[in-house]
Amino acid sequence: MLLAIAWTPSLVAPPHQLSRASLLRTAASAALTLPLGAKAVEAPPPFELGTRDAFAAFAAGDYTRAEQLWSRATEAYPDSALAHANLATLLIINASDKMTLGELPTGDALRRLERALVAIDRAEALGASAPRADQPVGRGADAVLLNSRGNALGLLQRWPEAQAAYTLAAGQV
């Protein structure tokens, strides 16, 4: 919904020249542009404050809770490469707990690994693996993110792709 306030000369007049009537008209005009019952949307807290619980859950080994909190963080901070990268890590950890190694994942484990790859792609798109001017072409990617990609692909038994991700990650060290 597009919200707008009608421009009136009283909006640009110095405050000492505004009459009570013009102030009321301006307030009424602004009120009419908001739907009834609408509430102001608060901006999320700074990233460090908004993700404190997610970091704490991870540090405590509560990976299910950490996954939930990092998932919320990607919604609150959609342009944060770190939020997407951390979510991918938790999705991979929790997927591996739900599967038998050596067997193709199914169900919840498969969904988590697919979400992890999407989160990794998003983190890369947001600049987590942006090439650096002082590195040759193909260098500058985040080694941890590449390793996470290799882990997810390995659990999916997509061996050539996993090997390529691990090889790139090793080249970043």
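This is a predicted model: local features need pLDDT of at least 70, side-chain atom pairs count only at pLDDT 80 or more; totals for chains, interfaces and linings use all residues.

**The core.** I looked up the largest nonpolar core and found 31 residues in it, of which Trp70, Ile92, Leu113, Leu117 and Ile120 touch the most other members. I then noted which elements give two or more residues to this core, and these are α4 (52–59), α5 (63–76), α6 (81–97), α7 (107–128) and α8 (143–155). The most comes from α6, which gives nine residues.

**Leu113.** Leaving aside residues up to four places away in sequence, I found that Leu113 touches Ile92, Ala95, Met99, Pro105, Ala152, Leu155 and Leu156.

**Helix α5.** I checked the span of α5, whose 14 residues reach 19 Å from the first C-alpha to the last, close to the 20 Å expected at 1.5 Å a residue. Its buried residues are Ala66, Glu67, Leu69, Trp70, Ser71, Ala73 and Thr74, and what covers these buried residues includes α3 (47–50), α4, α6 and α7.

**Confidence.** I looked up the mean pLDDT of the protein chain, which is 79, with 68% of the residues reaching 70 or more. Over residues 1–15 the pLDDT stays under 50, and the model has 16 contacts for them beyond four places in sequence. Residues 132–140 also have pLDDT below 50, and this stretch has eleven contacts in the model beyond near neighbours in sequence.

Technical notes:
Residues are numbered from 1 along each chain as its sequence is written. Side-chain values use heavy atoms; hydrogens and water are left out. A nonpolar core is a set of buried Ala, Val, Leu, Ile, Met, Phe, Trp, Tyr and Cys residues joined through side-chain atoms within 4.5 Å. Buried means under 20% relative accessible area, exposed over 50%, partly exposed in between (1.4 Å probe, protein chains only). Helices (H or I, at least four residues) and strands (E, at least two) are DSSP runs, numbered from the N terminus. Contact means heavy atoms within 4.5 Å. The expected span of a helix is 1.5 Å times one less than its number of residues. pLDDT is the predictor's confidence in each residue, from 0 to 100.
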